[in-house]
Amino acid sequence: MTKPRGIGKGRPRLLLPMGRYTETDLAYLAGLFDGEGDVIIRQARLRSGSLAHSVRISISNSHRPTLEWVKAFFGGGEITPCAGAVNYRVWRLPWGVLELHRLLPLLLPYLHIRTREVELAIRFSNLKAQQGGRPNTPALLYEKGQIIEDLRKARQGGRELVGTPTRSS
């Protein structure tokens, strides 16, 4: 087995310049993300009483070497076991803000199932970036709430297949 290109020391990072991924690379990752990916927006109440939200993106798989390859090739956080797996071990590779902003937009043309979830995650993250640490306004809270509700609907079976499946002869 050859070592995946891009394995290095230090903080996980995107290991190739963004323009260096081929269409095949991106299509492969999009297919993996369509089947095994997860998009959530977490909410926490701060000590001050205000609400804080964060977008969490991850890929889970029972085959850890697959996730190690994805991390080496595309970046990501620490691969950890998922809680709650009963009959076999499942691993999770989280992606951070860097991957959300730089990699997920490149996957959009290749996604078929999680397109809406990824669009909403990008929109929510961009909204947070525009906010720049300033307090939530009523309008901002409303917009965040709409995105969260739309994401909830998309995750609860509201997924629609995007594109037309093709069949090779």
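Strand 2 and strand 4 (residues 91–95) run antiparallel and are joined by five bridges; here two strands count as paired if DSSP finds at least two bridges between them. Strands (E, at least two residues) and helices (H or I, at least four residues) are DSSP runs, numbered from the N terminus. The model is a predicted one, in which local features need pLDDT of at least 70 and side-chain atom pairs count only at pLDDT 80 or more, while totals for chains, interfaces and linings use all residues. Residues are numbered from 1 along each chain as its sequence is written, and side-chain values use heavy atoms, with hydrogens and water left out.

Side chains of opposite charge can pair when their charged atoms come close. A salt bridge was counted where a side-chain nitrogen of Lys or Arg lies within 4 Å of a carboxyl oxygen of Asp or Glu. Six salt bridges were found by this rule. Among them is the one between Arg116 and Asp150, with an N to O distance of 3.6 Å. Arg116 belongs to helix 5 (residues 115–131) and Asp150 to helix 6 (residues 138–155), so this pair ties together parts that are 34 residues apart in sequence. Relative accessible area was used to class residues as buried (under 20%), exposed (over 50%) or partly exposed (in between), with a 1.4 Å probe and protein chains only. Arg116 is partly exposed, at 40%, and Asp150 is partly exposed, at 23%. Arg116 and Asp150 also belong, with Glu119, to a network of salt bridges.

Another salt bridge links Arg152 with Glu149, whose closest N and O atoms are 2.7 Å apart. Arg152 and Glu149 are three residues apart in helix 6, which means that about one helical turn separates them. Arg152 is partly exposed, with a relative accessible area of 40%, and Glu149 is partly exposed, with 29%.

A salt bridge is also formed by the side chains of Arg114 and Glu117, at 3.2 Å from N to O. Both Arg114 and Glu117 are buried.
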